[in-house]
Amino acid sequence: MSVGRILVVDDDAAIRTVVREALRRDGHVVETAASVAEQRRKMTEFQPQVLVTDVILPDGNGLDLVPEMLADHPRMPVIVLSAQNTLATAVRATEQGAFEYLPKPFDLGELSRAVADALTARGAGLDDLADAGSGEDLPLIGRSPPMQEVYRTIARVVANDLTVLVLGESGTGKELVARAIHDMGSRANKPFVAINMAAIPRELIESELFGHERGAFTGAAMRTAGRFEQAQGGTLFLDEIGDMPFEAQTRLLRVLQTGEFNPVGSARSIRTDVRIIAATHKDLQKLIADNAFREDLYYRLNVVPVRLPSLRQRTEDIGELALHFLEKAAADGLPRKRLERAAIERLSRHSWPGNVRELENLMRRLAALSREEWITVSIVDQQLSGDMVASEGGAPAIASGGGLADAVEHHVARYFATFGRDLPPDGLFERILAEVERPLLKLTLAAVKGNQLKAAKLLGINRNTLRKKLTERGIDPSDVRRMG
Ligand SMILES: Nc1ncnc2c1ncn2[C@@H]1O[C@H](COP(=O)(O)OP(=O)(O)OP(=O)(O)O)[C@@H](O)[C@H]1O
């Protein structure tokens, strides 16, 4: 079932509470208003997708307002609740363009169905990027002012082929934005090809991008098409562009200038027809100052910048995102969980150094690990402060959420988070490696019952190196043997 933002307008406080709680249980994000004035304010602040309104309000008539609401928000279904159970009211509700009319007292199940139908009927359109896409697959969640700014910029570039540079911290949704631009534009039925500069060995980047001829280098057994060729007619997403080696930057710049490229080891040039979207979490200006990034390439890429806010800068979106990720987890077969309001408040106070990705991983972990149906503030608190992780044996509990990389990222992110806005003390690289090495050495030794020869083999280092590291890290192998 799709979930959405619902505004409930009724002057009766008891009805507001009952309806709000019922719709929240369905997973919707709900706001209420007690008067026409309050409703007008919340229409702008909250941008509801469905309006549920009573007819008689202290400062006006809810039914009379429907045409005005529809003029401003043509795609917003209005559900009218009324105690004047007459045919005339029902007919008028329909005439005014109401989506549904429910006479009071109404059945909560009926209201819940009406809201679900309204959300489905509402469909999706280009004017509302937050809800574009199909069915449950809402690409970008968030209504906060900085996200509205992002949507406005995206709306400006979907209809043309301007090069876009997406900037933002890790996990803020840069790839998702690139996909949304592709999916909403005229190239949507052509390929979207992504390449991550940080994930490919430096010496292979050029052949990955431009392809290579047979025999162009050792191991090039046959002609291979690069990402530029694979993306022909569509979009090429150059992720972590700040990690691109300098020589590859020069080659990329030439392609952007001429619209042509040569596969590695080939004199044949190929005309390209791809839209370029690049992204980075790095400060490109700083890389330029350090001579690590070409300034001319920067200007070629930075035609339209899209700056994604960190999750800390849009805490009002956290509740909606959290519910969305629980819904997604349930759709993937994990147990369906509900989220207490106080738990959302606790989530909103966290600093989220890993941004939306960190929130998504946490919600999946909670869906998988917590035994109760309701996710309470204390469960969230335990997870965020690491108690549950420690009590369940540390890394394995975390690793079950998303693998080793996620576990390490989670711990490093938490370590950073403890410093707030200030950077951690220097010598960071050594310090973090030491912290990662210590449990790795200890657990490996414990797994082989203290046998250093076996441990060295498992770790893929020689025995002397292992001995040296144990001394450096202050690990006593006989303790570890006892532990194992
Ligand atoms: N606004 C959003 N609404 C819903 N999901 C989001 C949103 N932003 C990010 N996500 C989800 O968070 C995760 C991280 O997003 P994404 O991979 O796009 O981030 P990124 O900025 O490209 O990260 P990195 O810099 O680490 O590559 C993804 O699973 C994505 O679906």
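Colleague: Is Asn355 buried or exposed?

Modeller: First, two remarks on the source. This is a predicted model, in which local features need pLDDT of at least 70 and side-chain atom pairs count only at pLDDT 80 or more, while totals for chains, interfaces and linings use all residues. Residues are numbered from 1 along each chain as its sequence is written. As to burial, a residue is buried if 20 or more other C-beta atoms lie within 10 Å of its own, exposed if 12 or fewer, and partly exposed in between, with C-beta atoms placed from the backbone. Asn355 has 23 other C-beta atoms within 10 Å, and is therefore buried.

Colleague: Where does Asn355 lie, and what is its phi?

Modeller: Helices (H or I, at least four residues) and strands (E, at least two) are DSSP runs, numbered from the N terminus. Asn355 lies in helix α15. Its phi is near 55°, a positive value in a residue other than glycine.

Colleague: Which category, buried, partly exposed or exposed, applies to Lys449?

Modeller: Lys449 counts as exposed, because it has 12 C-beta neighbours inside 10 Å. Lys449 is placed in the loop between α19 and α20 (452–459), and its phi, too, is positive, near 55°. The helix that Lys449 follows is α19.

Colleague: How many residues does helix α19 have, and how far does it reach?

Modeller: The expected span of a helix is 1.5 Å times one less than its number of residues. Helix α19 (residues 428–447) has 20 residues and reaches 29 Å from its first C-alpha to its last, close to the 28 Å expected. After α10 comes Gly259, with a positive phi near 75°.

Colleague: With which residues is Arg271 in contact, leaving aside its neighbours within four places in sequence?

Modeller: Two residues are in contact if their C-beta atoms, placed from the backbone, lie within 7 Å. By that criterion Arg271 is in contact with Gly259 and Glu260. The C-alpha atoms of Arg271 and Glu260 are separated by 4.4 Å, the two residues being 11 apart along the chain. Arg271 belongs to strand β12 (residues 270–271) and is exposed, with 9 other C-beta atoms within 10 Å.

Colleague: What does Leu165 touch, not counting residues up to four places away in sequence?

Modeller: Leu165 touches Ala278, Leu301, Asn302 and Pro305. Leu165 sits in strand β8 (residues 164–167), and is buried because 22 other C-beta atoms lie within 10 Å. Leu301 is 136 residues away along the chain, yet the two C-alpha atoms are separated by 6.0 Å. For the protein as a whole, 70% of contacts between residues at least 6 apart in sequence join residues at least 24 apart.

Colleague: Which residues have the most contacts inside the largest nonpolar core?

Modeller: A nonpolar core is a set of buried Ala, Val, Leu, Ile, Met, Phe, Trp, Tyr and Cys residues joined through C-beta atoms within 7 Å. The largest one has 53 residues, and those with the most contacts inside it are Val52, Ile79, Val80, Val115, Ala322, Leu359 and Met363. Helix α13 (residues 318–331) gives the largest share of this core, 7 residues. Domain bounds come from an automatic or database domain assignment. Domain 1 (5–122) and domain 3 (314–417) both give residues to this core, so the core lies between them. A second, separate core of 39 residues includes Leu140, Val150, Ala180 and Val255.

Colleague: Of the 16 residues around the ligand, which come nearest?

Modeller: A residue is near a molecule if its C-beta atom, placed from the backbone, lies within 6 Å of it. Ile141, Gly173, Lys174, Glu175 and Val356 come nearest to the ligand. At least two residues of the shell are supplied by each of α7 (174–184) and α15 (355–369), and at least three come from each of domain 2 (145–307) and domain 3 (314–417).

Colleague: Which peptide bond is cis, with omega near -5°?

Modeller: The bond from Lys104 to Pro105 is cis. Pro105 is in the loop between β7 (100–103) and α5 (108–122).
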